[in-house]
Amino acid sequence: MQRGRLALFAVVTLVVLSGCTLPNSPDRFDTDRELGYVGNYAHDDGFEFDDDGALTEDQLEAVKYRSMARIEVLRGVKFERDVALEVITRREYRSQRGEPGSASAATNELWRGAFIVDGETDVNRAMNDLYGGAVQGYYTNGRIVIVTDETEEIRIDRETLVHELVHALQVQQFGLSSAGTTIDAQRAELGLIEGEANFIPHLYDRRCGAEWQCLAEYEQPPATSDLREQPFNVGLFLSIYTPYSEGPSFVDRLRERGGWAAVDSAYGDRPASTSQLIHPERYPDDQPVTVSIRDRSSDDWEPYAPDGEARETVGEATLFASLWANGVVERPLTDGGTELSPYNYSHPATDGWAGDTFQVYQDDDDRTGHVWKLAWESDDDAEAFADTYRTLLENRGADAVDDGDGTYRIPDEDPFAGAYRVTVSGDTVTIVGAPTVDELEEIRGTGAEQSESLESPVAPAMRAATSHAGTAPA
């Protein structure tokens, strides 16, 4: 299990530390100790080196324990065990990650169909490029690893250290296993986990100076709305960054409702969709609906399932990421942002999302296509999204095919080349993608939407409140 902190601009150095020990228990703390006192350090300690940038190994150890003590005061719960701390260079981090293997045809089709990663780019490589330059630190197996660009001196970003220590506390108090099996469900659960890990450093910083003497903070560039000029995949970044941007406000809203007890309870009933992160008032009652897709393909095409069914739920946040990255949402990301959530993921075209299912298809020549069915809160919401999606197609250079059924064709020279059909039936939008216009009908006949609408394809989603094995963002 691994939890990381992402940022647009990265930080680091190299040192391995271990914490203090107790007799007969190498890493466990005394449970009878006073809250806010860890490893012979107190939450209100001040150090002479707080205003300096570089640290010795002993100083870094002292900062770690003082930070743990302060997190206890802010959160009201104690660390049960010590946490090892390691600092590595970004070069070492990239070396440890290694070169990624190729993504499956289904994964590439999913992100291409969502207009986030084009058909000429392997998704795993795009993910690796993003993580390799954006991760500032991570927690794994009782150990925190901080990633920095410095090599000669020990320098550490205070916010990153606190963030990863919060993950250690979460593991010890709640466990971070996950029930999410789709992109949207995983982003949603991480919204609680990463949201708290971003929210507590915010509370920590507010005490620095007036109440606590703190390690000097790195000067970070402000969040920017001009992401389209960045060298990485902007749509992919916005999808992955959802928990970090929308999570802190979600946790803050929970705490306003019922204190830290409400946050504690949420670990037993995780948010079920990114819609609940973007619109916290929808948690926990407004659950996503299950959208079913019956196979209506010809003999030449079949659902892609070499390793199981290739079905996904994309979700509201990733829909927004796609629209913004493709120039459909023209406002800056920071319009409507807050101190806790600098990017605003809300938009009229996606606010009415109720659920979706993306099914990949494959033919005998290993070419892929898809059926993407999206449920909306109302007929108007469905029409609004369909209109916006047509604008996305036009932005990608698509031409409408003169057959009157909502078919578009993107020219072969474009990396998103292919045929797309958009249909609306009540509160449901169905998008079909295929290599050619003729093959749209092979993947999904035009009579399918009408016949399937009689089968109640949308049913309430069932979601367990128990913990399962954890997964990283898809």
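Select D379 to begin: with a relative accessibility of 45%, D379 counts as partly exposed (buried means under 20% relative accessible area, exposed over 50%, partly exposed in between, with a 1.4 Å probe and protein chains only). The model is predicted, so local features need pLDDT of at least 70 and side-chain atom pairs count only at pLDDT 80 or more, while totals for chains, interfaces and linings use all residues. Residues are numbered from 1 along each chain as its sequence is written, and side-chain values use heavy atoms, with hydrogens and water left out.

D379 belongs to helix 10 (residues 379–395); helices (H or I, at least four residues) and strands (E, at least two) are DSSP runs, numbered from the N terminus.

Next, select R158 and D205. These two residues form a salt bridge, with their closest N and O atoms 2.8 Å apart (a side-chain nitrogen of Lys or Arg within 4 Å of a carboxyl oxygen of Asp or Glu). R158 lies in helix 5 (residues 158–173) and D205 in helix 6 (residues 183–207), so the pair ties together parts that are 47 residues apart in sequence. R158 is buried at 9% relative accessible area, whereas D205 is partly exposed at 29%.

Move on to R282 and E316, whose side chains meet in a salt bridge of 3.8 Å, N to O. R282 sits in the loop between helix 8 (274–278) and strand 8 (289–291), and E316 in helix 9 (residues 315–325), 34 residues apart. E316 is buried, with a relative accessible area of 0%.

Finally, select helix 1 (residues 57–75), where 14 of the 19 residues are buried. Just after helix 1, G76 takes a positive phi of about 80°.
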